[in-house]
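Please open the model in the viewer and keep the selection panel at hand.

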Amino acid sequence: MGETDESSIIPIPGSDAHRQPSPDKPQSWEKADRAQAALEGATGPEPPGPPVCPDCGLAGERRPTYYGAHVLLEPGLSAPAHMVPAWHRWYVDSNGIGWNSREDEPEPGAVCRIPHRIACPGLELEEIGLWRWLDAVRGENARHAQRKADEDAVPGALPDAG
Ligand SMILES: [Zn+2]
């Protein structure tokens with residue numbers, strides 16, 4: 001239960017090549033954790049802040065990871081894993097912890113979650129141009145973000161109950 005898989009942390013070439021895992025040096029692990037978080041896109045926002053994307057203002061589904069960082073997943077969206085670019089395939093295990101399957105080829109029929117980052121209308125990611133269905137998701141999010149911005153801009157406006 002809740003075993004951390006520290007043995008799978010990928011060393012970043014050129015950065016701290018002489019790192020020696022040692023209980024006396026928690027800081028080096030912290031650094032490795034941060035590198036892993038950056039690789040996988042588990043870049044928060046961190047609690048106690050709200051689970052809201054800093055780029056577009058939409059709320060996501062925040063999940064902790066086994067290396068301490070948090071990932072903002074696109075809420076309510078699951079996708080066939082083979083339609084999601086490598087390194088962006090996320091899963092939530094029975095502990096509610098998010099994990100990234102990295103470059104591993106998904107099993108046939110596997111379904112995964114995607115990080116909000118690649119569905120975010122506030123970011124331009126070159127690689128996403130190859131994945132047309134993500135364009136549709138981002139377009140939808142752009143409309144949501146715009147509507148939210150419009151509502152925020154008019155404090156006196158009544159919320160649309162319909
Ligand atoms: Zn966003």
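Begin by selecting every cysteine: a search of the whole structure finds zero disulfides, a disulfide being a pair of cysteine sulfur atoms within 2.5 Å. The model is predicted, so local features need pLDDT of at least 70 and side-chain atom pairs pLDDT 80 or more, whereas totals for chains, interfaces and linings use all residues. Residues are numbered from 1 along each chain as its sequence is written, and side-chain values use heavy atoms, with hydrogens and water left out.

Cys-53 lies in the loop between helix 1 (26–40) and strand 1, and Cys-120 in the loop between strand 5 and helix 2 (132–153), so the pair ties together parts 67 residues apart in sequence. Helices (H or I, at least four residues) and strands (E, at least two) are DSSP runs, numbered from the N terminus.

Now display accessibility, where buried means under 20% relative accessible area, exposed over 50% and partly exposed in between (1.4 Å probe, protein chains only). Cys-53 is buried at 6%, Cys-56 at 15% and Cys-120 at 0%.

Finally, select strand 2 (residues 70–80), which runs antiparallel to strand 1 (residues 61–64) and is joined to it by four bridges; strands pair if DSSP finds at least two bridges between them. Arg-62 has Leu-72 as its bridge partner.
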